[in-house]
Amino acid sequence: MDFIKTTEADSKYNNLESMSVSDLLVNINNEDKTVPLAVEKALPNIEALIEQTVAKLKEGGRIFYMGAGTSGRLGVLDASECPPTFGVPSSLVVGIIAGGDKAIRDAVEFAEDSTTQGWNDLLKYNVSTKDVVIGIAASGTTPYVIAALEVCNSKGIVTGCITCNHNSPLSQTAQFPIEIIVGPEFVTGSSRMKAGTAQKLVLNMISTATMIQLGKIKGNKMVDMQLSNDKLVDRGIKMIMSELNISYNDAEILLQEYKSVRNVLTHANNGN
């Protein structure tokens, strides 16, 4: 099949500068509405990658997200939110961006064009066959990501990808490719828009479904969340109140003693 690069196709809209703010918002919103439907078409492929990821993490492995620009930033974002949400160590889900941490805020010129730096960045974490490496690239053509996945494949490391073009070089490289075909952007080529939204939705699915499968959620509650501010402490207290049918004050005392919602519930279930 031919590589179809719809992320660079001409926008369906023109003369954007002549639109009113209202027209701009309506048209952007209309385009955004198509993204979840595009994600829906890829659910079987997303499931396949998650199944592999859960199996590897149960064996002591980790998730690595790799990308450049917007794609890299989204990977870093999802990885950084796993510890506070699910109470896992920051080493379990790792976001790597071409150009290093500086590139999170500022563009690093030509960082994405390196065919060696991606693998070198993975080596800093002693990546192994226990791990899963997921490349993120809207275009599916980023050399930094593709070359790293090629080395991973040669060393028996499970690879996946999230891209928004069909049959891209990245899709052909990853063992478990996910293609979210969102079509042309509202602003031609601005893949921070629909493509970025699609990538974020898929990353939400990967991390959330994986953590649920690993037992990090009870019922529908984040019982392992880090109690890092007053809002989360209050949420934790109310979880305990609901689960144990006790007063706010009693729940607060238990949370202060046992330091996490899970610890409180474990203590209660053990009859202590």
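Glycine 95 counts as partly exposed, at 24% relative accessibility (buried is under 20% relative accessible area, exposed over 50%, and partly exposed in between, with a 1.4 Å probe and protein chains only). Before going on, note that this is a predicted model, where local features need pLDDT of at least 70 and side-chain atom pairs count only at pLDDT 80 or more, while totals for chains, interfaces and linings use all residues. Residues are numbered from 1 along each chain as its sequence is written, and side-chain values use heavy atoms, with hydrogens and water left out.

**Around glycine 95**

Glycine 95 sits in strand S2 (strands are DSSP runs of E with at least two residues, helices are runs of H or I with at least four, and both are numbered from the N terminus). If you skip its neighbours within four places in sequence, glycine 95 touches Tyr65, Gly75, Val76 and Ala79 (contact means heavy atoms within 4.5 Å). Isoleucine 134 is 39 residues away from glycine 95 in sequence, and the two C-alphas are 9.6 Å apart in space.

**Salt bridges**

Side chains of opposite charge can pair when their charged atoms come close. Here a salt bridge is a side-chain nitrogen of Lys or Arg within 4 Å of a carboxyl oxygen of Asp or Glu, and by that rule the count is 7. The table shows some of them.

| Pair | Closest N and O atoms |
|---|---|
| Glutamate 31 and lysine 12 | 3.1 Å |
| Lysine 194 and glutamate 31 | 2.7 Å |
| Arginine 62 and aspartate 131 | 2.8 Å |

Take the pair of glutamate 31 and lysine 12, with closest N and O atoms 3.1 Å apart. Glutamate 31 is in helix H1 (residues 21-32) and lysine 12 in the segment before H1, so this bridge ties together parts that are 19 residues apart in sequence. Glutamate 31 is buried at 4% relative accessibility, whereas lysine 12 is exposed at 60%.

Lysine 194 also forms a salt bridge with glutamate 31. Since lysine 194 lies in helix H9 (residues 194-213) and glutamate 31 in helix H1, the pair ties together parts 163 residues apart in sequence. Lysine 194 is buried, with a relative accessible area of 3%.

Then there's arginine 62, which bridges to aspartate 131. Arginine 62 is in the loop between helix H3 (43-58) and strand S1 (63-67), and aspartate 131 is in the loop between helix H6 (117-123) and strand S3 (132-136), so the pair links distant parts of the chain, 69 residues apart. Both partners are buried: arginine 62 has a relative accessible area of 17% and aspartate 131 has 1%.

Helix H7 (residues 143-154) has 12 residues and spans 17 Å from its first C-alpha to its last, close to the 16 Å expected at 1.5 Å a residue (the expected span is 1.5 Å times one less than the number of residues). Its buried residues are Tyr144, Val145, Ile146, Ala147, Ala148, Leu149 and Cys152. These buried residues of H7 pack against S1, strand S2 (93-97), H6, S3, strand S4 (158-163) and helix H8 (169-173). After H7 comes glycine 156, with a positive phi near 80°.

**The largest pocket**

Which residues lie nearest the centre of the largest pocket? They are Glu112, Ala138, Ser139, Thr142 and Ser191, from a lining of 18 residues. Helix H4 (residues 69-86) gives the largest share of that lining, 3 residues. The lining divides into 4 nonpolar, 10 polar and 4 charged residues.

Note on methods. 1 Å grid on protein atoms, 1.4 Å probe; cavity = no way out; pocket = protein on both sides within 12 Å on 5 of 7 lines; lining within 4 Å. Nonpolar A, V, L, I, M, F, W, Y, C, P; charged D, E, K, R; others polar.
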